[in-house]
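I opened my notebook beside the sequence and the model, and I wrote down what I looked up, entry by entry.

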Amino acid sequence: MKARLGNKMVKKHSMNPFNHDIPANREEMVNIHFNGEWVEVPKGLNVVEVAKSFGEFIPHYCYHPKLSISGNCRMCLFEMGMPKRDPERKPIIDKNGKPELMWIPKPQIGCATPVTEGMGVRTDSPLAKECRKAIMEFLLINHPLDCPICDQAGECKLQEYSTEYGSGESRFVEDKVKKPKNVDLGERIVLDDERCVLCTRCVRFANEVVNDDILGIVNRGSYNAIAAHEGQRFDNPYSLNTVDICPVGALTSKDFRFKMRVWFLKETKSVCSGCGTGCNITVGSRQDTVYRFTPRSNDAVNSHWMCDKGRLGFHYLQDEKRITEPHMGKGKLRFITTWEQIYLEIGKQIKKFKGEEIAIIASARMTNEELFLLKTWADELSVVFMDVISRPQEGDNFLRSQDCNSNTLGATMTGVSNRGKNLKKILKGVRDGSIKCMIAWQEDLTEAGFVSQDLEKLDFLITASILKNTTSDLASFVLPVAGFVEKRGTMINVHSRLQRLNKAVAVPGKGKEDWEVLCRLREVTGCGNGVHSFDDLFQSMVKNLKPLKGLNWGKITDLGLDIKIY
């Protein structure tokens, strides 16, 4: 299924066909009278979308560009006109050559009204303004205005609209209907029914986007409420997207609920590293602590969505096992040391080995820049055996990729990956004693089939790691490095889209970004170093890797760029 975006045809997602925000075919244009002026717009757009294209905002709760139209909140009411017609049903033309309009006395809903030839649209007329005010008064009959304690404060459309369109007082004199509160809807979701305005975005998301028809509306009139089917829970792997699209704070995330006010969060655009899809995200952080990930809209990658596993995949960065200081030594003789001391010691030790006695196992979750630098260093040391650990998993034909590594194509492009073919050779070399020195970069070697006895046989084991693991416990040198939200860089997803990671928080403790550590290691091992900044590294990578030729950081943009790896 395809739709036209500007002059291009874009593919609609197979599980997400409601791409209302993709402009209709501009070859079919219609003339409409929009807020006093005749304008030409693509046929097929609804009034909410047309208004948006002209910088006018029509308030709405139930309308969402990626969901079907339900038209049940009535907040997007506007005044509509149609051409007057003569007895022969032909439009009556005025002195300016435009159709005379007859304005309909009752308002229409903008989300469910596609524009047609000669239509009149008034989004700011007295009738439209009075309708919005009336709808707000209606919605607030039973809705509590508990903004000071509501976790959605700062992101709540009801709060914003009540300020802009509300009357500031209520004529309702009866007792409010009190609906259920703190409903445990699923493993990750809490529902406060009293805040719900029944926009049904969550119901439509579950049904239309993830094919999980579990949510619905129960009861009648003022007592109707969102609920899961009896005896079932809302636990599908994409459930937290409903928190994003809930306009009023009825659905909240157990993980983020009451942890932080959103206006305190610093927002950083980045990319999820949970799998090969590379969903675009916004990292919410404060004082170097990450509080949440939310999906960032990108129709070329993840539309408006991301999976719950990826969304919650940052807590390990703040785990108590986090390595925050460089260590050297083994067993009881292990001690915390300085970076300079550990660099000098590695420089002295690694020169004792020939290239064929050194093996490197890197991670396909590292950035392209880090992989490029690691490969450069490996070539300078004449390292023969190098590879990454593959992580196949069961995909879901939506956003969860079959590749659990986030940058497999980057590891291939930089020449670090040998598609796992070297892992058995490295293991064999360690066991027969021909490989004496191992460098494990952001990987626990037990995931490549090594056991403790293998690692203990090595003369020299270096690991750059984020968390303590078996490899770091047995390594001669442990280098604390950065997680993916703690550094800049690029990755390539499974569809060959080059995307940017941006630094949201600092590396904790005395940890350093990987590229800084690799640059210094090149220096102390006598390989030289012409890289003094991340920009130097990026330019060097672009200059030396054919698929990236001619690129610069700005050309990649926040939404990424398709490239050809092969």
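Which element of the chain has the lowest mean pLDDT, and which the highest? I noted that strand β1 (residues 2–5) has the lowest, 46, and strand β24 (residues 489–492) the highest, 98; pLDDT is the predictor's confidence in each residue, from 0 to 100, and helices (H or I, at least four residues) and strands (E, at least two) are DSSP runs, numbered from the N terminus.

Before going on, I recorded that this is a predicted model, in which local features need pLDDT of at least 70 and side-chain atom pairs count only at pLDDT 80 or more, while totals for chains, interfaces and linings use all residues. Residues are numbered from 1 along each chain as its sequence is written, and side-chain values use heavy atoms, with hydrogens and water left out.

For the chain, I wrote down an average pLDDT of 92, with 96% of the residues scoring at least 70.

Next I looked up Asn407, which lies in the loop between β20 (385–388) and α9 (408–413). Asn407 is buried, with a relative accessible area of 0% (buried means under 20%, exposed over 50%, partly exposed in between, with a 1.4 Å probe and protein chains only). The side chain of Asn407 reaches the backbone oxygen of Met366 at 2.9 Å.

Last, I turned to helix α10 (residues 421–432), whose buried residues are Asn422, Leu423, Ile426, Leu427, Gly429 and Val430. Because they cover an arc of only 160° around the axis, they are on the same side of α10; the arc is that of the directions from the helix axis to the C-beta atoms. On the other side of α10, I found Lys421, Lys424 and Lys428 exposed.

Note on methods: A polar contact is a pair of N or O atoms within 3.5 Å; within protein, one must be able to donate a hydrogen and the other to accept it, and residues adjacent in sequence count only if both atoms are side-chain atoms.
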